[in-house]
Amino acid sequence: MSAVVLHLDNVTRVHGEGPTEVHALRGVSFRACAGELVAVMGPSGSGKSTLLTIAGGLDEPTSGTVSVEGAVLGSLGNAGRARMRRTSIGYVFQDFNLIPALTAAENVALPRELDGERSKAARLLALAALEEVGIVDLADRFPDEMSGGQQQRVAIARAIVGERRLILADEPTGALDTDTGEEILRLLRNRCDAGAAGVLVTHEARHAAWADRVVFLRDGLIVDESGADVADELLEVTP
Amino acid sequence: MSIRQAMLALLEPEPMYGYQLRAEFEQRTGATWPLNVGQVYTTLSRLERDGLIEHDERVDAAGAADAPDRAAQVMYRITPSGRGEVSAWFTTPVPRTQPPRDELAIKLAIAVTLPGVDVGALIQQQRTATMTALQDYTRLKRSGRASRPDQPEDLAWSLVLDSLVFDAEAEIRWLDHCEARLRRAAAEGHLHVPACPTRTADSEEVRP
């Protein structure tokens, strides 16, 4: 069994109070291990985005605990959580969230620089990450000079720079066409095969199928899970 | 029917032995629709009967039926009317006359009308099973010769996998749709369907 990178233990999240209170998560326990890509599927309102923001330390659970690489996020304080987000957790959004005034390399280097890395060293790490996602030649372009697929690659480079071990992706292919979306999934998959833990939130079954495990969320509860048993009924015919 | 057309089309560029035809077919389609030897030779003899192919004169025609060993040595070539049939196949859309029998749609159609069936559980179980198949297809797609197709046959195989992927995806989308419809119907009080193992109407729109 590989190391558990992300562990949610009986997490609930209630928004609002009294008659308008909404239970986004109702007691979710969930793990993602090193080398594993887990997809979370569910209709809108099932709690899947809440799960991801809580896993990434962008939101806090009402009860229950979240640990990343053994550290309980709730006990870290704001500064500690922010540091965790810069060093251990990479986040990929549907709409890329790149800073328009910065080049690709500067966007990717930013979390390293914020973490105190000298800018030259941060740039080298950024170039390595851009190399991994196949667009090192676009390092000095600005986001508006790139296609959607290229921007999402930059966002993935930013999420993995500095060897972060937890990659959280919220509908990362939502704004992309089928082919480009598949390339993005391939990158996430490769990163997990190389040892990161990945959590992919999506409503598209075709994209979820890239994961080792698919977790189904309904009304804030995990209702089922499809495992990773290799049932190779369609063995390839070797030439 | 499609196997017959496919075999005939494969003979168009050059004459082939029966076992070669089978290999060429599987090169393009993996083991998705496995062909057994008997099926290959039955199809070939029907194609020959219909004048669409002819076999190498050196071997006795009866060989195909009686002795598979000898049949394997028989080489088949396409006739002019066979070529006509192939070009007609490629220029005519596949008919969508009658929807093929769909066990899942039938099962669900019956289940929603019977009082004792947990339709929500039925849908979830099916979705998990279909998702597992979809994961398997995706694994085949990203590994092996389908992942980096550099031969036309590899590209063909990866497109066949795509077809399986899109089918499975369509089934999952349909199941999601059925679940949502049943939950809405239950919330409006039209039905007493346990459409989901958890809650109903009040938590329908949970948005942070």
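Predicted model: local features only at pLDDT ≥ 70, side-chain atom pairs only at ≥ 80, totals over all residues.
1. **Chain B as a whole.** Read from the N terminus, its elements follow the order α-β-α-α-β-α-α-β-α-α-α-α. Chain B has 208 residues, and 41% of them count as buried. Among its contacts with a separation of 6 or more, 61% are between residues 24 or more positions apart.

2. **The nonpolar cores.** Nonpolar side chains in soluble globular proteins tend to be buried together. Here, the largest nonpolar core has 55 residues. The residues with the most contacts inside this core are A:V108, A:L130, A:V133, A:V154, A:I156, B:M131 and B:L134. Helix α9(B) gives the largest share of the core, 7 residues. There is also a second, separate core of 28 residues, with A:L25, A:V40, A:L51 and A:A55 among them.

3. **A closer look at A:L130.** Which residues does A:L130 contact, once neighbours within four places in sequence are left aside? They are A:A104, A:A105, A:V108, A:I135, A:V136, A:A139, A:V154 and A:A157. Of these contacts, A:V108 and A:V154 are also listed with A:L130 among the residues with the most contacts inside the largest core.

4. **Helix α5 of chain A.** This helix covers residues 148–160 and has 13 residues. From first C-alpha to last, α5(A) reaches 19 Å, close to the 18 Å expected at 1.5 Å a residue. The helix is mostly covered, with 11 of its 13 residues buried. Those buried residues include A:Q151, A:Q152, A:R153 and A:R158, along with A:V154 and A:I156. Their cover includes β6 (89–92), α3 (104–114), α4 (119–132), β7 (166–170) and α6 (178–193) of chain A. After α5(A) comes A:G162, which has a positive phi, near 80 degrees.

5. **Helix α2 of chain B.** Residues 18–29 form this helix, and its end C-alpha atoms are 17 Å apart, which agrees with the 16 Å that 12 residues should span at 1.5 Å a residue. The buried residues in α2(B) are B:G18, B:L21, B:F25, B:E26, B:Q27 and B:T29. What covers them includes α1 (2–10), β1 (16–17), α3 (37–49), β3 (75–78) and α9 (152–187) of chain B. Just after α2(B), B:G30 has a positive phi of about 60 degrees.

6. **A salt bridge between two helices of chain B.** The side chains of B:R28 and B:E153 form a salt bridge, at 3.5 Å from N to O. B:R28 belongs to helix α2 of chain B and B:E153 to helix α9 of chain B, so the pair ties together parts that are 125 residues apart in sequence. B:R28 itself is partly exposed, at 25% relative accessibility.

7. **Salt bridges in chain A.** The count over all chains comes to 31 salt bridges. One of them joins A:R13 and A:D59, at 3.0 Å from N to O. This pair links distant parts of the chain, 46 residues apart: A:R13 is in strand β1 (residues 4–15), and A:D59 is in the loop between α1 (48–55) and β4 (63–68). Is A:R13 buried or exposed? A:R13 is buried, because its relative accessible area of 17% is under the 20% cut-off. Another salt bridge, at 2.9 Å from N to O, pairs A:E117 with A:R112. A:E117 is partly exposed at 28%, whereas A:R112 counts as buried at 12%.

8. **Two buried glutamates.** A:E182 is in helix α6 of chain A and counts as buried, at 14% relative accessibility. Leaving aside neighbours within four places in sequence, A:E182 is in contact with A:W210 and with B:K141. B:E179, in helix α9 of chain B, is buried with a relative accessible area of 5%. The C-alpha atoms of B:E179 and B:I123 are 7.1 Å apart, although 56 residues separate the two along the chain.

9. B:I106, B:I110 and B:L114 make a nonpolar surface patch of about 270 Å². B:I106 lies in helix α7 (residues 103–111) of chain B and is partly exposed, with a relative accessible area of 44%.

Terms used:
Residues numbered from 1 in each chain as written. Chains lettered and ligands numbered in written order. Heavy atoms only, no water. Patch = residues over 30% accessible without salt bridge, like charges linked within 9 Å, V, L, I, M, F, W, Y side chains within 5 Å. Areas by Shrake-Rupley, 256 points an atom, 1.4 Å probe, with all protein chains shown as cover. Salt bridge = Lys/Arg side-chain N within 4 Å of Asp/Glu carboxyl O. Helix = DSSP H or I, 4+ residues; strand = E, 2+ residues; numbered from the N terminus. Buried < 20%, exposed > 50% of the residue type's maximum accessible area, 1.4 Å probe, protein only. Expected span 1.5 Å × (residues − 1). Contact = heavy atoms within 4.5 Å. Core = buried A, V, L, I, M, F, W, Y, C linked by side-chain atoms within 4.5 Å.
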